[in-house]
Amino acid sequence: MMPYEFVLKGEKTTVATHFSYGELCGQYPDSFSSFLSAAYEQDHHWRLMASWQTQHYGPQLPQLNDVVYVALTCLTPLPSLEWVHNYTAAGDQATQAFMGTGTYLEMYQGKLCSDGGAASGPDMTPLFHDQLRPQIIINLMKTGARAGMVMAPVNTTEYFNLALKGQDDAVAFLTQGTGEAMSLCPVGASTKGNVCTAGELVV
């Protein structure tokens, strides 16, 4: 969800939105006291935000076209990976695509969909399969972060520390060729099953 927001709203607004939500979680802990209540509240809040986001930033949506690719797992009828890379406010298409990446179930273009991770290989890393360009793979499964971070309540300190780690890893990857959760999949490498093989350069 966040790369979509970065391009649409800018880094400053996106970061402020997520950390503000963390502060609200801290102020109203009773609303997130159980897994079920937390999941319900978070889904409800993000649906409100997603709808407002599409309406408010509708004129800017075309700048995401063929730049931001959203991966969804859709039933057609079996689970399959669907890429979304064109966006419009018409018919709430952009809202549905955005929510599909962050909720359990979402109707997108008449299909029942959810986050693309389920159809993106063992590490949940959706890859392009045309072998035309190198791809930097960010493997969140290797960050050491707990899986529960995707659910409310949001711990702002935990997120802040993870953001710092991501920045440090990115600098190390770009300047020294090292990075715990980052690797380079070169042109021509196989990406079958959304796993880069046959010459993957892990640095």
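**Cysteines and a helix pair**

A: Happy to! Cysteine 185 is buried, since its relative accessible area is 1% (buried means under 20% relative accessible area, with a 1.4 Å probe and protein chains only). This is a predicted model, where local features need pLDDT of at least 70, side-chain atom pairs count only at pLDDT 80 or more, and totals for chains, interfaces and linings use all residues. Residues are numbered from 1 along each chain as its sequence is written, and side-chain values use heavy atoms, leaving out hydrogens and water.

Q: Which cysteine does a disulfide join to cysteine 185?

A: Cysteine 196, with S to S at 2.0 Å; a disulfide here is a pair of cysteine sulfur atoms within 2.5 Å. Cysteine 196 is buried too, at 4%.

Q: And what's the handedness of that disulfide?

A: The torsion about the S-S bond of cysteine 185 and cysteine 196 is about 90 degrees, so the disulfide is right-handed.

Q: How many disulfides does the structure hold?

A: Two. Another disulfide joins cysteine 74 to cysteine 113, S to S 2.1 Å. That pair links distant parts of the chain, 39 residues apart: strand E1 (residues 70–75) holds cysteine 74 and strand E4 (residues 111–115) holds cysteine 113. Strands are DSSP runs of at least two residues and helices (H or I) of at least four, numbered from the N terminus.

Q: Changing topic: at what angle do H3 and H4 pack?

A: About 145 degrees, with axes 9 Å apart, for H3 (residues 35–56) and H4 (residues 93–100). Axes are lines fitted to C-alpha atoms over the stretch in contact, and angles run from 0 to 180 degrees between N-to-C directions.

Key:
Buried < 20%, exposed > 50% of the residue type's maximum accessible area, 1.4 Å probe, protein only.
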